[in-house]
Amino acid sequence: MGTPIRIQEIAQHVGQEVIIRGWLYARTDKGRLQFLQVRDGTGIVQAVAFKKEMTPEAFERALSVTQESSIVITGRVREDGRAPGYPGGYELGLSDLQIVQLANEYPITPKEHGIEFLMDHRHLWLRSTRQWAILRIRATIIKAIRDWLDDHGFLLVDTPLLTPAACEGTTTLFETDYFGSPAYLSQSGQLYNEATAAAFGKTYCFGPAFRAEKSKTRRHVMELWMVEPEAAYVELDECMEIEEQLISSVVATVLAVRRTELEIVERDVSKLEVITPPFPRLPYDRAVEMINDLGASEGVSIQWGEDFGSPQETLLSGQFDKPLFVHHYPTAVKAFYMAQEPDRPEVCRSVDLLAPEGFGEIIGGGERSGDPEFLERQIDTHKLPKDAYKWYLELRQYGGVPHSGFGLGIERTVTWICNLPHIREAIAFPRVLGRMYP
Ligand code: 4AD
Ligand code: MG
């Protein structure tokens with residue numbers, strides 16, 4: 001008989017007869033001994049089919065079963081230090097193997113496949129160990145973020161995805177039709193967060209955001225997941241403290257519970273172990289000097305007043321072991337809502353957090369302007385439709401307070417923590433320029 005178990009709990013079943021329902025990942029053929037690597041979504045276990053210990057029919061099925069066939073196996077769990085798998089060190093001496101569906105010839109084989117081929121087969125590629133590890137780390141990152149925010153007094157308040165106006169500028173809007181009126185897919189829940197922060201003190205939204213970014217880079221997706229905390233009575237410095245606490249806690253959690261997955265993606269964990277508060281803070285002015293000093297030899301430069309592109313971010317974030325805060329960007333390059341620095345209005349109380357090792361921006365945020373007249377001018381300057389922001393300006397007339405917040409991009413964070421060469425592996429079904437399949 002046997003008890004159905006999942007592979008992740010196999011250690012608790014040594015000596016017992018168990019049933020595992022999963023798929024054949026790989027096989028090594030040694031004649032009368034078949035070594036089957038079986039996965040069930042929670043791990044991989046080695047199942048040993050020994051001719052002498054099975055009925056001839058069951059052994060025949062073990063011989064003929066193809067890669068990624070769905071199978072139900074029964075066997076006794078034994079400890080064996082040499083056994084590969086996740087978790088390794090356990091194997092199953094098979095007494096039975098039933099085939100649920102015999103898979104057609106599987107398109108993804110151990111040989112090297114091109115990235116376009118793998119992306120076309122993303123629905124199947126997700127089953128491979130590396131993708132499995134990345135998406136398990138992603139789930140842990142998301143849980144760690146939510147746990148930290150929930151434990152630190154931030155209330156989850158969801159914000160709308162169909163919106164009448166832009167949050168982050170009009171150039172990256174996806175437009176859709178709302179019964180005859182234009183509507184836009186949300187770029188960020190921030191403006192709504194500012195309303196909920198005044199209602200609940202500290203809030204966050206967590207959900208998808210859409211950016212029609214016509215850039216094909218290793219850092220951009222069209223559909224991303226963003227967590228956006230917002231807090232009343234919080235100014236720029238405290239905003240940075242919240243960010244560094246949150247990020248450090250997330251990294252510590254991943255290190256604590258996803259060691260195996262970090263090994264699978266070959267992450268140098270020593271680079272993550274140093275991620276503890278405080279993080280270095282660099283004013284934009286100094287960052288510009290630094291880029292021009294260090295970048296000269298590599299042809300990277302910047303003029304005061306310009307926003308950073310990928311080369312500048314890569315250069316800066318390669319200089320530090322910890323994530324780097326760059327704050328006080330020029331008002332003109334940032335979104336309309338950023339608070340001006342009172343005695344230096346050409347810069348604003350914005351802050352970006354750049355991940356180390358050249359990964360670049362993972363968080364954008366800062367302190368919001370409380371000045372309704374300045375905001376009205378900004379709405380004009382940025383050519384935004386005034387009517388759509390009426391409610392937003394009203395927030396400044398009914399109990400306005402200093403407040404700050406930020407948006408953390410999940411895919412960029414996963415890319416950094418897993419050390420991925422490209423953001424497309426950081427989400428199950430990426431939407432990148434030129435691809436919406438599968
Ligand atoms: O810097 P962004 O545009 O900031 C905002 O949207 C603010 N309204 C957030 C806030 O203050 N509540 O975006 C925030 C983060 C970026 O740092 C990045 O991690 C991610 O969202 N992001 C993207 N990630 C992947 N692809 C894209 N096209 C992204 N655009 C933004
Ligand atoms: Mg940004």
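Here is a quick tour of this protein model, from its overall build down to single residues.

The model is predicted, so local features need pLDDT of at least 70 and side-chain atom pairs count only at pLDDT 80 or more, while totals for chains, interfaces and linings use all residues. Residues are numbered from 1 along each chain as its sequence is written, chains are lettered from A and ligands numbered from 1 in the order in which they are written, and side-chain values use heavy atoms, with hydrogens and water left out.

**The big picture**
- The protein has 13 helices and 20 strands; helices (H or I, at least four residues) and strands (E, at least two) are DSSP runs, numbered from the N terminus.
- Picture a box of roughly 85 × 55 × 40 Å, taken along the principal axes: that is what the C-alpha atoms fill.
- Of the 438 residues, 52% count as buried. Here buried means under 20% relative accessible area, exposed over 50%, and partly exposed in between (1.4 Å probe, protein chains only).
- The accessible surface comes to about 20200 Å², and carbon and sulfur atoms own 52% of it. Accessible areas come from the Shrake-Rupley method with a 1.4 Å probe, and for residues only the protein chains shown count as cover.
- Take the contacts between residues at least 6 apart in sequence: 67% of them join residues at least 24 apart. Contact means heavy atoms within 4.5 Å.

- An open sheet of 8 strands runs in the order E8-E12-E13-E20-E19-E18-E15-E14, with mixed pairing. Two strands pair if DSSP finds at least two bridges between them.
- At the edges sit E8 (155-156) and E14 (281-283), each pairing on one side only.
- E15 (residues 324-327) and E18 (residues 350-355) pair in the antiparallel sense over 4 bridges. Histidine 327 has valine 351 in E18 as its bridge partner.
- Helix H10 (residues 310-317) packs on this sheet, touching E14, E15, E18 and E19 (360-367), and its direction makes about 70° with that of E18. Axes are lines fitted to C-alpha atoms, for helices over the stretch in contact, and angles run from 0 to 180 degrees between N-to-C directions.
- Helix H13 (residues 410-418) lies across E12 (202-210), E13 (223-232), E18, E19 and E20 (403-409), running at about 60° to E20.

**Helix H5**
- Gln190, Leu191, Asn193, Glu194, Thr196 and Ala197 are buried in helix H5 (residues 190-200).
- The cover over the buried residues of H5 includes E12, E13, helix H12 (390-394) and E20.
- Just after H5 comes glycine 201, with a positive phi of about 85°.

**Ligand 1 and serine 188**
- Ligand 1 is surrounded by 25 residues, and the closest are Glu168, Gln190, Arg211, Glu228 and Glu361. A residue is near a molecule or strand if one of its heavy atoms lies within 4 Å of it.
- A nitrogen atom of ligand 1 is 2.9 Å from an N or O atom in the side chain of serine 188.
- On its own, ligand 1 exposes 630 Å², and the protein buries 94% of that.
- Serine 188 is found in the loop between E11 (181-185) and H5, and it is buried, with a relative accessible area of 6%.
- The side chain of serine 188 makes a polar contact with that of glutamate 228 (2.6 Å). A polar contact is a pair of N or O atoms within 3.5 Å; within protein, one must be able to donate a hydrogen and the other to accept it, and residues adjacent in sequence count only if both atoms are side-chain atoms.

**The three-stranded sheet and tyrosine 178**
- Another open sheet, of 3 strands, has the order E9-E11-E10 with antiparallel pairing. Its edge strands are E9 (162-163) and E10.
- Tyrosine 178 lies in E10 (residues 175-178), and its bridge partner in E11 is serine 181.
- Tyrosine 178 is partly exposed, with a relative accessible area of 45%.
- Not counting residues up to four places away in sequence, tyrosine 178 touches Leu162 and Ala183.
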